[in-house]
Amino acid sequence: MKTFTLPGTDLVVPNVVLGLMRIADKSDDEIRTLVGAARDSGIAFLDHADVYGTELHECERRFAEALRLTPADRAELVIQTKAGIVRSGPYFDFSYEHLIESVDGSLAALDTDYLDILLLHRPDALVEPEEVARAFDDLSSAGKVRAFGVSNQTPGQIELLRKYVQQPIVANQLQLSITHAPMIAQGVAANMLAEDQSVSRDVGIIDYCRLHDITIQAWSPFQAGFFTGVFLDSPEYPELNAVIERLAAEYDVPPIAIATAWITRHPARMQVVLGTTTPDRVRAAALGSEIPLTRAQWYELFRAAGHIVP
Ligand SMILES: NC(=O)c1ccc[n+]([C@@H]2O[C@H](COP(=O)([O-])OP(=O)(O)OC[C@H]3O[C@@H](n4cnc5c(N)ncnc54)[C@H](OP(=O)(O)O)[C@@H]3O)[C@@H](O)[C@H]2O)c1
């Protein structure tokens with residue numbers, strides 16, 4: 001498992017991490033086996049959010065109930081969670097009160113004294129960056145949160161926060177898979193009037209993050225679209241799956257490892273946030289951490305997913 005020091009922190013992190021959005025209905029044993037498979041694969045980095053599960057903080061609580069971490073176990077893990085979404089509505093809330101209340105709820109549910117990383121989950125149109133800065137200062141000085149980041153944000157939204165927030169913004173979690181890759185595909189087809197791929201949907205977020213040492217975390221790495229099901233083995237992506245399977249045979253790994261490697265091979269040094277609850281799939285995806293896809297192979301996958309290389 002490839003690891004690196006997350007810029008802006010002293011955390012050594014893997015480039016494949018485990019998201020726990022889908023564990024609400026799993027048993028304690030299933031959760032322990034899932035997290036155990038991740039840890040055995042070198043994944044000691046867990047991604048949560050206050051809103052994962054049917055009830056607020058449900059997945060965080062199920063994780064803590066199943067794992068019953070000792071202080072020594074806790075110290076070996078990087079635990080990241082998110083705040084800023086209000087389910088009833090829904091709407092987004094980056095107010096001081098909401099952020100503090102959410103983090104206190106996450107700490108209680110996770111049964112821990114601190115979060116390694118807190119992300120602002122989705123951009124709040126009514127954000128007052130001074131309030132976010134005050135919340136981050138208080139959470140940091142109380143020892144409740146060690147590092148801060150964002151999710152689904154544009155360069156301008158991050159710049160606005162950075163004008164007021166003192167702590168570095170260390171991560172931006174964004175939707176990215178081979179088939180859902182506007183942040184990468186747009187730049188490949190820049191400046192072409194007739195091509196939908198040329199339309200910028202995120203104002204150059206990938207280059208912005210690279211320029212500012214903000215680590216991109218790729219969520220839904222195997223989903224074809226927005227929770228539409230995975231492209232792996234999907235009859236809707238015959239050409240892509242044929243290339244994935246050929247490369248999987250060449251590298252002697254399962255196909256999911258090639259889909260993972262398409263992201264880890266990118267020089268932006270991203271983290272892939274797995275969402276599977278199947279231990280074997282975690283182990284198989286982890287094998288993609290260090291596969292050195294060639295440029296030709298990486299672009300072949302890109303083209304087979306339907307993106308143009310003009
Ligand atoms: N920041 C954000 O806005 C945001 C949004 C969404 C998600 N996330 C984070 O990203 C993580 C990953 O998201 P995701 O769960 O949508 O990503 P994913 O890993 O692309 O999808 C996993 C889902 O696909 C299913 N699946 C079916 N066939 C599969 C196959 N062959 N290989 C792998 N999975 C297969 C899995 O089922 P099984 O469980 O049965 O294997 C699981 O339900 C979440 O856990 C969460 O931490 C963040």
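Analyst: Let's start with a glutamine. The side chain of Gln 186 has a polar atom 3.0 Å from the backbone oxygen of Ser 198. That is a polar contact, meaning a pair of N or O atoms within 3.5 Å; within protein, one must be able to donate a hydrogen and the other to accept it, and residues adjacent in sequence count only if both atoms are side-chain atoms. Before we go on: this is a predicted model, where local features need pLDDT of at least 70, side-chain atom pairs count only at pLDDT 80 or more, and totals for chains, interfaces and linings use all residues. Residues are numbered from 1 along each chain as its sequence is written, and side-chain values use heavy atoms, with hydrogens and water left out.

User: Where is Gln 186?

Analyst: In helix 7, residues 182–188. Helices (H or I, at least four residues) and strands (E, at least two) are DSSP runs, numbered from the N terminus.

User: And what is Gln 186 in contact with, leaving aside its neighbours within four places in sequence?

Analyst: Gln 197, Ser 198, Val 199 and Ser 200. Contact means heavy atoms within 4.5 Å.

User: Next, Gln 175. Buried or exposed?

Analyst: Gln 175 counts as buried, because its relative accessibility is 11%. The cut-offs are under 20% relative accessible area for buried, over 50% for exposed and partly exposed in between, with a 1.4 Å probe and protein chains only. Gln 175 lies in strand 10, residues 169–175.

User: What does the side chain of Gln 175 make a polar contact with?

Analyst: The side chain of His 180, at 3.4 Å. A polar atom of the Gln 175 side chain also lies 2.9 Å from the backbone oxygen of Gly 225. Not counting residues up to four places away in sequence, Gln 175 touches several residues, among them Asn 152, Met 183, Trp 219 and Phe 226.

User: Which side chain does a polar contact join to Gln 217?

Analyst: Gln 80, at 2.8 Å. Gln 217 lies in strand 11, residues 215–219. Gln 217 is buried, with a relative accessible area of 0%. Beyond four places in sequence, the residues touched by Gln 217 include Phe 45, Leu 119, Gln 271 and Val 273.

User: How far is Gln 217 from Ala 125?

Analyst: Their C-alpha atoms are separated by 22 Å, and the two residues are 92 apart along the chain.

User: Switching to helices. At what angle do helix 9 and helix 12 cross?

Analyst: Roughly 155°, and their axes come within 8 Å. Helix 9 covers residues 238–251 and helix 12 covers residues 295–304. Axes are lines fitted to C-alpha atoms, for helices over the stretch in contact, and angles run from 0 to 180 degrees between N-to-C directions.

User: Parallel or antiparallel?

Analyst: Helix 9 and helix 12 are therefore roughly antiparallel. Angles under 35 degrees count as roughly parallel, over 145 as roughly antiparallel, 65 to 115 as roughly perpendicular and the rest as oblique.

User: Which residues meet there?

Analyst: From helix 9, the residues include Leu 240, Val 243, Ile 244 and Leu 247. They meet Gln 297, Glu 300, Leu 301 and Ala 304 in helix 12. By class, the contact has 7 nonpolar, 1 polar and 4 charged residues. Ala, Val, Leu, Ile, Met, Phe, Trp, Tyr, Cys and Pro count as nonpolar, Asp, Glu, Lys and Arg as charged, and the others, Gly among them, as polar.

User: What about helix 2 and helix 4: how do they cross?

Analyst: At roughly 25°, with axes that come within 7 Å. That makes helix 2 roughly parallel to helix 4. Glu 60, Arg 61, Phe 63 and Ala 64 in helix 2 meet Ser 106, Ala 109 and Leu 110 in helix 4.

User: How many residues of helix 10 are buried?

Analyst: 9 of its 10 residues, so helix 10 (residues 255–264) is mostly covered. Trp 262 is one of the buried residues.

User: Last topic, backbone. Which peptide bond is cis?

Analyst: The one from Gly 89 to Pro 90, with omega near -5°. Pro 90 is in the loop between strand 6 (85–86) and strand 7 (91–92).

User: What is the phi of Val 203?

Analyst: Positive, about 55°, although Val 203 is not a glycine. Val 203 is exposed, with a relative accessible area of 60%. Asp 233 also has a positive phi, about 65°.
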